Amino acid sequence: MSASNNTADREAKLQRNPHGDFNAVEKSRPEFEEDVEFHYTRTKDIEWVPGSGATSDDWKKHKKIAVDPYAEGRDPLNNYKLLIAGIVPRPIGFVSTESKAGIRNLAPFSYTTFVHHDPPIFCIGFASSVAAAKDTLANIMETGELTINIISEWFVEAANYTATNAPPEISEWDVSGLTPLASEKVKPPHVGESAFSVEAKLVTHHEWISKVTGKANGTLVIVEGVNFHIREDATNESFTTLDPKILKPISRLGGITYGRTTQAFEMLRPSWADEEKREEVKKILEK
Ligand SMILES: Cc1cc2nc3c(=O)[nH]c(=O)nc-3n(C[C@H](O)[C@H](O)[C@H](O)COP(=O)(O)O)c2cc1C
């Protein structure tokens with residue numbers, strides 16, 4: 001079975017749209033709030049002291065339910081739905097690849113994160129085996145090259161559109177209207193609209209075997225970042241930061257929900273040398 005048939009079957013089963021008439025629901029909502037600027041607030045309790053735990057007791061009112069991912073009759077797709085809702089917010093790796101024949105591909109993958117910095121290592125999870133690979137995975141396996149681009153508010157509609165299960169000969173660059181910019185160390189272009197892009201090369205991959213069917217159904221790729229592209233107004237002189245006010249990063253939440261990052265707070269990392277001298281800490285340690 002081809003990857004696109006697989007994807008179509010899975011999508012039909014998943015029924016991602018929770019609303020029936022999605023357009024009617026979307027039109028009933030308030031407009032996108034253009035003028036919400038990223039800003040800092042205090043934490044909820046700036047007087048928090050060691051040992052005092054949570055800032056609300058509300059959690060005590062609710063029981064927890066243990067769910068065995070392989071409970072009898074539980075479809076693994078229910079674990080997919082649960083995990084994409086529970087492991088949030090997730091960054092979205094917007095991955096550009098090119099086949100050996102030169103066909104370009106672009107698609108979002110939220111099973112993406114970075115896992116080390118020296119060397120810069122990223123991992124991406126594909127819900128497909130190598131044999132029935134999504135086009136992005138097939139291209140990475142074939143050429144070992146990709147770019148990972150961070151999605152920002154100003155092109156999220158186009159980025160979401162690239163997740164369509166179009167056949168390999170259709171370029172998501174064309175149908176999304178996004179801009180390929182030449183990369184320096186890998187062949188696949190990076191996304192012009194993105195404020196942060198990483199050129200990367202395949203290090204290794206690992207296939208996952210379904211516990212239900214016993215067949216390969218997923219692939220983890222581990223890649224090394226070999227070049228970064230940072231929008232000049234979003235960074236500093238030493239290229240050590242990206243300003244969230246400018247980056248406006250989009251994250252993935254559960255279902256078909258995306259998140260904006262508009263509010264944040266800062267907290268110092270406690271140094272034990274200072275903390276162990278605090279009265280509250282001494283009292284806890286004496287117990
Ligand atoms: C926000 C978002 C995140 C996604 N994350 C993943 C993912 O982590 N793994 C995956 O296999 N598919 C993921 N998908 C689905 C792929 O983008 C989709 O299957 C796409 O058609 C793959 O394109 P390709 O066949 O051109 O590689 C995601 C889709 C969206 C919209």
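Predicted model: local features only at pLDDT ≥ 70, side-chain atom pairs only at ≥ 80, totals over all residues.
1. Overall composition. The chain contains nine helices and 14 strands. Its C-alpha trace spans about 65 × 55 × 45 Å along the principal axes. Of the 287 residues in the chain, 33% are buried.

2. Strand 11 and its two partners. Strand 11 (residues 216-230) pairs in the antiparallel sense with strand 6 (residues 120-126) over six bridges. Within this pairing, Phe126 has Thr219 of strand 11 as its bridge partner. Strand 11 also pairs with strand 10 (residues 196-209), again in the antiparallel sense, over 13 bridges. Here Leu202 has Val223 of strand 11 as its bridge partner.

3. The hairpin of strands 10 and 11. Six residues lie between the two strands of this hairpin. Attention is drawn to Gly214, which takes a positive phi near 75 degrees in the hairpin.

4. Three strands, in the order 2-12-13, form an open sheet with antiparallel pairing. Its edge strands are strand 2 (90-91) and strand 13 (258-260), each of which pairs on one side only. Strand 12 (residues 250-252) is joined to strand 13 by three bridges, and the two run antiparallel.

5. Start of helix 3. At the start of this helix, a side-chain oxygen of Asp75 comes to within 2.8 Å of the backbone nitrogen of Leu77. Leu77 is also among the buried residues of helix 3.

6. Buried side of helix 3. Which residues of helix 3 are buried? They are Leu77, Asn79, Tyr80 and Ile84. These residues cover an arc of only 150 degrees around the axis, and therefore lie on the same side of helix 3. As a general point, an α-helix has 3.6 residues a turn, so residues three or four places apart point the same way.

7. Is Leu82 buried or partly exposed? Its relative accessibility is 48%, so Leu82 counts as partly exposed, since that class lies between the 20% limit for buried and the 50% limit for exposed. Together with Leu83 and Ile87, Leu82 makes a nonpolar surface patch of about 300 Å².

Notes: Residues numbered from 1 in each chain as written. Heavy atoms only, no water. Pairing = 2+ DSSP bridges. Helix = DSSP H or I, 4+ residues; strand = E, 2+ residues; numbered from the N terminus. Patch = residues over 30% accessible without salt bridge, like charges linked within 9 Å, V, L, I, M, F, W, Y side chains within 5 Å. Areas by Shrake-Rupley, 256 points an atom, 1.4 Å probe, with all protein chains shown as cover. Salt bridge = Lys/Arg side-chain N within 4 Å of Asp/Glu carboxyl O. Buried < 20%, exposed > 50% of the residue type's maximum accessible area, 1.4 Å probe, protein only. Arc of directions from axis to C-beta. Polar contact = N/O pair within 3.5 Å; in protein donor to acceptor, adjacent residues only side chain to side chain.
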